[in-house]
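Here is a short briefing on how two chains meet. Please look at the structure first, then read the points below.

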Protein chains: 2
Amino acid sequence: MEGGAPRAPGLRAYVALSQLLGLAALAATGAWLGRYRGGVAWAGALRLNAHPLCMVLGAVFLQGDALLVYRVFRTEAKRSAKLLHALLHGSALLVAVVGLAAVVEAHGEQGIAHAYSLHGWCGAAALALYALQWLLGFGFFLFPGAAAALRGRYKPLHVFGGVALLGLSVATCLLGITEMLLFNIRDSYSQFVPEGVLANTLGLLLVTFGLVVGYIVTREDWKRPPLPEELALSMDFKTLTEGESPGGSQ
Amino acid sequence: MEGGAPRAPGLRAYVALSQLLGLAALAATGAWLGRYRGGVAWAGALRLNAHPLCMVLGAVFLQGDALLVYRVFRTEAKRSAKLLHALLHGSALLVAVVGLAAVVEAHGEQGIAHAYSLHGWCGAAALALYALQWLLGFGFFLFPGAAAALRGRYKPLHVFGGVALLGLSVATCLLGITEMLLFNIRDSYSQFVPEGVLANTLGLLLVTFGLVVGYIVTREDWKRPPLPEELALSMDFKTLTEGESPGGSQ
């Protein structure tokens with residue numbers, strides 16, 4: 001899972017930390033739903049609990065790991081890294097859509113309106129933009145037809161959008177945690193009951209995961225160095241677009 | 001408020017958009033508190049309403065504008081930009097501390113526990129880290145004693161921390177909006193009542209402000225170009241530290 005460490009001191013440790021935080025967030029979600037919310041099932045009231053589990057797994061953990069691909073496999077061929085990046089984002093999107101289906105069906109069954117809250121608005125925006133970003137990424141970077149100049153112009157927006165969408169996804173999860181606590185333990189939340197402390201801790205784990213992933217992918221000296229064969233291409237490409245550094249290889 | 005446009009096409013328009021979004025968020029906060037929550041005062045129950053107003057003004061709008069200083073005044077002397085950057089962050093911190101006092105006093109009067117919720121935890125973390133970041137920034141970049149090598153090592157962390165703290169501040173505001181709505185209009189929120197729609201819109205305005213500011217400060221070709229006299233210094237400095245690009249002038 002970790003490569004190219006000689007040229008990126010410290011990267012391994014930060015990637016390991018991010019994975020520990022992501023797994024701890026998943027464990028905290030499982031513990032919360034299992035111990036205090038009756039568990040998870042695709043039937044009845046427990047279907048609603050599939051929503052937070054899918055979102056922590058897909059919209060945070062898998063999405064974050066998809067961003068890390070270019071750092072973790074920084075000395076592999078770019079084409080392989082791209083495919084894994086697209087595959088992880090695709091899996092994240094799929095899991096998030098299942099998570100969306102869980103809450104839509106649960107709300108429908110209980111006669112609750114859809115997407116009325118700030119959590120719902122942020123979630124809808126995040127999911128729509130995430131799907132759009134995936135399609136654009138596929139069209140520009142994996143589909144063979146896109147011109148190099150177009151790719152170069154879209155790339156910085158794709159990179160910014162990726163980090164921004166992880167941030168928005170984490171924020172949406174925090175809103176969901178707050179809603180769930182205020183709907184279920186509104187009166188005891190302020191007495192620091194264990195469920196509240198556990199769910200707050202989950203929130204901080206998600207924030208810290210997002211921060212560590214964001215730090216890893218934006219740190220200049222950990223960026224993926226272009227391979228020798230890419231460098232020649234990249235220099236031609238720079239001449240074409242006059243704006244892209246040959247070192248800025250996603 | 002806008003300078004250096006010839007070498008940064010598009011920057012003016014994005015800065016103008018950010019200011020419109022920030023002012024719209026402030027107006028939406030005022031409208032929400034004034035029309036649906038009885039207004040703002042430093043006495044009785046209305047003191048609690050000073051909290052969101054201070055936080056949208058200090059922890060989001062002023063904090064965001066402090067980040068924009070190096071882009072808006074990108075052709076001014078660096079020392080002047082630094083001073084304004086520190087001054088705006090200092091004002092943001094001051095306003096946020098007043099906002100914190102408002103909620104602490106209101107909770108104290110009403111016998112509500114402090115900082116029990118995820119909103120409280122995120123807010124406490126954001127404010128503590130923000131104060132720390134201000135002190136470190138002052139110590140490294142404004143106080144004359146700091147060695148150039150130390151400054152160069154701290155700078156990328158300072159820049160990442162600045163953007164991350166704006167993101168965390170916006171997320172904390174979204175949590176506060178959700179709490180306030182669920183405590184006040186829990187039963188009618190799902191019927192898309194005007195107060196809920198207005199407060200959700202405020203949330204989206206804050207998110208969009210954060211995204212636009214984040215985009216402006218991280219876009220590579222809008223970065224502050226070093227002035228000729230800084231370039232010489234910067235090259236010496238690069239030789240000393242072997243890691244800093246002379247173009248990466250905050």
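The contact takes 37 residues from chain A and 37 residues from chain B; two residues are in contact if their C-beta atoms, placed from the backbone, lie within 7 Å. This is a predicted model: local features need pLDDT of at least 70, side-chain atom pairs count only at pLDDT 80 or more, and totals for chains, interfaces and linings use all residues. Residues are numbered from 1 along each chain as its sequence is written, while chains are lettered from A and ligands numbered from 1 in the order in which they are written.

**The side of chain A that touches chain B**
- Helix H4 (118-142), H5 and helix H6 (194-218) of chain A are the elements that give two or more residues to this side.
- Helices (H or I, at least four residues) and strands (E, at least two) are DSSP runs, numbered from the N terminus.
- H5(A) gives the most, with twelve residues.
- By class, this side has 21 nonpolar, twelve polar and four charged residues.
- Ala, Val, Leu, Ile, Met, Phe, Trp, Tyr, Cys and Pro count as nonpolar, Asp, Glu, Lys and Arg as charged, and the others, Gly among them, as polar.

- The same surface serves both copies, as 100% of the contact residues of chain A recur in chain B.

**One helix pair across the contact**
- H5 (residues 148-184) of chain A and H6 (residues 194-218) of chain B pack at an angle of about 145 degrees, with axes 11 Å apart.
- Axes are lines fitted to C-alpha atoms, for helices over the stretch in contact, and angles run from 0 to 180 degrees between N-to-C directions.
- From H5(A), Phe160(A), Ala164(A) and Leu168(A) meet Val207(B), Leu211(B), Gly214(B), Tyr215(B) and Thr218(B) in H6(B).
- This helix contact has six nonpolar, two polar and no charged residues.

**Backbone points to check**
- Ala115(A) has a positive phi of about 50 degrees although it is not a glycine.
- Ala115(A) lies in the loop between helix H3 (78-110) and H4 of chain A.
- Phe192(B), also not a glycine, has a positive phi of about 55 degrees.
- Phe192(B) sits in the loop between H5 and H6 of chain B.
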